[in-house]
Amino acid sequence: ILRNCSRVLEEKVPEQQRKAFALRYIDNYSTREIAKTLGKSPQAIKISLFRTRRTLADNNRKLNQVLSA
């Protein structure tokens with residue numbers, strides 16, 4: 001699943017969203033810190049993180065359906 005997540009991030013998630021995701025979940029930055037680092041509003045960062053998590057979840061669901069078939 002981790003390999004799949006990595007592939008999805010590279011192929012389906014825009015670069016700015018990947019950066020925000022990495023700062024949040026790898027570097028443990030707060031939403032405010034990410035916003036300041038990327039020059040975006042905190043609300044834009046929240047939306048970006050939501051969209052990235054949704055993309056990963058959708059792709060993992062599809063993978064699970066294939067594996068369980």
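Setting aside its neighbours within four places in sequence, K40 is in contact (heavy atoms within 4.5 Å) with Q16, A35 and I45. This is a predicted model, in which local features need pLDDT of at least 70, side-chain atom pairs count only at pLDDT 80 or more, and totals for chains, interfaces and linings use all residues. Residues are numbered from 1 along each chain as its sequence is written, and side-chain values use heavy atoms, leaving out hydrogens and water.

K40 sits in the loop between α3 and α4; helices here are DSSP runs of H or I with at least four residues, numbered from the N terminus. With a relative accessible area of 43%, K40 is partly exposed, a label that falls between buried (under 20%) and exposed (over 50%), using a 1.4 Å probe and protein chains only.

On to the helices around that loop. The axes of α3 (residues 31-38) and α4 (residues 42-68) come within 8 Å and cross at roughly 105°, with axes fitted to C-alpha atoms over the stretch in contact and angles running from 0 to 180 degrees between N-to-C directions. That makes α3 roughly perpendicular to α4, the term for 65 to 115 degrees. Here T31, I34, A35 and L38 of α3 meet P42, I45 and K46 of α4.

As for α2 (residues 15-25), its axis and that of α3 come within 10 Å and cross at roughly 140°. This makes α2 oblique to α3. From α2, the contact draws on Q16, K19, A20, L23 and R24, and from α3 on I34, T37 and L38.

Conventions
Helix = DSSP H or I, 4+ residues; strand = E, 2+ residues; numbered from the N terminus. Parallel < 35°, antiparallel > 145°, perpendicular 65-115°, else oblique.
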